[in-house]
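Welcome! Have a look at the structure first, then read on.

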Amino acid sequence: MKFTELKNDIAAGARGIYLLEGDEAYYRMKGEELIKSAFLQMPELNFSSFDGESLKGAKLTDLTSAVQAVPFMSEKRVVKVTSLYPTESEYENYLKKTFEKFPPDSILIIVNAESKKGVDLKRKGCITYVDCNRSDEENVAKWAYLTLKRAGISASVDLCNVIANYCLCNMSRVALEVEKIIDYKKEGTLTREEVDELVFKDADYRIYEMTNAVARRDFNKFITIENELCRKDGDEAPLLSGLFSYFKNLLTIISSRQSDAELAKLLKMKEFGVKKSREQAQAIGVQKLKEYVTAVYDAVSRLKGGLTLPKNALQEVNNKLFFD
């Protein structure tokens with residue numbers, strides 16, 4: 001199930017084993033909080049936690065023993081384990097018997113940031129998998145909209161989309177930024193000016209904005225962001241490297257026949273980011289992207305070789321992007 005379905009699922013009753021897995025730390029944290037809030041009483045007596053990295057081979061019996069312990073003056077005992085990646089043989093020898101005949105008065109929460117080699121816990125029928133991967137723009141914006149509304153702040157859907165984009169749909173960041181808005185605003189109607197002033201824009205998003213400005217031929221916007229990033233980093237070299245990586249990814253995406261999901265794994269990006277990048281790449285065009293990648297690569301190479309200065313290298317790239 002998706003993380004957004006977890007609350008309703010909990011309301012219908014407890015599951016034996018929950019696997020909270022995905023790259024969104026906020027969802028993993030909130031999922032654990034929801035489960036413990038619903039079923040854990042007297043945590044000082046009925047809760048224990050393990051580091052899965054230290055549970056190898058026969059040490060896994062420490063986990064199964066904790067699960068099999070009887071709760072004290074409570075209906076449920078809750079056990080949490082982080083980073084649990086057993087091998088097939090470890091699962092068969094130490095976990096299968098307990099997992100597949102799970103004690104009815106215990107709950108096990110497995111919190112994994114990613115999938116790794118070994119047994120695929122998601123596919124085990126005795127385990128309830130909760131997808132804690134990063135959400136798309138629509139769901140993140142919806143969360144921001146509802147959270148602000150509950151706090152007495154009115155925000156348009158478009159503004160909530162802006163917040164989601166500024167944070168690259170990272171819920172941990174979105175939650176912090178929305179909390180910041182609530183603390184500042186208290187009540188009333190949120191404006192775009194307030195969002196731009198209050199919400200910190202991710203550096204990757206600023207690069208995204210710059211490449212969008214290239215597609216729109218908006219030199220003033222491009223230079224404004226460029227100056228901000230150069231002031232922040234104190235050097236043009238990181239910006240040139242960022243532009244090269246970004247244009248290279250755009251060229252890869254528009255030239256590939258692979259799906260967004262496949263490209264996300266290949267490029268180590270989020271699927272949402274691939275989708276947005278594909279839109280950008282199509283706006284710029286394959287031929288232009290090839291020229292941009294070549295130009296930025298040439299500038300970076302000459303800079304590293306001591307043949308030009310950082311400011312000169314960046315100026316040459318700017319000229320190529322807008323005045324060639």
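Leaving aside its neighbours within four places in sequence, which residues is Leu148 in contact with? In this predicted model, Leu148 is in contact with Ile153, Ala155, Cys160, Ile163, Val178, Ile181, Ile182 and Leu190.

**Nonpolar cores**

- The largest nonpolar core has 73 residues, and Leu148, Ile163, Leu190 and Phe247 touch the most other members.
- Helix H12 (residues 237-255) gives this core its largest share, 8 residues.
- Another core lies apart from it and has 19 residues, including Leu55, Val67, Tyr91 and Ile127.

- Across the whole structure, a search finds 25 salt bridges.
- One of these pairs Lys276 with Glu137, with 3.3 Å between the closest N and O atoms.
- Lys276 belongs to helix H14 (residues 271-284) and Glu137 to helix H6 (residues 137-150), so this pair ties together parts that are 139 residues apart in sequence.
- Lys276 is buried at 19% relative accessible area, and Glu137 is buried at 15%.
- Glu194 and Lys185 also meet through their side chains in a salt bridge, at 2.9 Å from N to O.
- Glu194 counts as buried, with a relative accessible area of 13%, and Lys185 is buried at 18%.

**A salt-bridge network**

- Salt bridges link Glu21, Asp120, Lys122 and Arg123 in a network.
- Within this group, the side chains of Asp120 and Lys122 form a salt bridge of 3.4 Å, N to O.
- Asp120 is partly exposed at 28% relative accessibility, and Lys122 is partly exposed at 29%.

Note on methods. Residues are numbered from 1 along each chain as its sequence is written. This is a predicted model: local features need pLDDT of at least 70, side-chain atom pairs count only at pLDDT 80 or more; totals for chains, interfaces and linings use all residues. Side-chain values use heavy atoms; hydrogens and water are left out. A nonpolar core is a set of buried Ala, Val, Leu, Ile, Met, Phe, Trp, Tyr and Cys residues joined through side-chain atoms within 4.5 Å. Buried means under 20% relative accessible area, exposed over 50%, partly exposed in between (1.4 Å probe, protein chains only). Helices (H or I, at least four residues) and strands (E, at least two) are DSSP runs, numbered from the N terminus. Contact means heavy atoms within 4.5 Å. A salt bridge is a side-chain nitrogen of Lys or Arg within 4 Å of a carboxyl oxygen of Asp or Glu.
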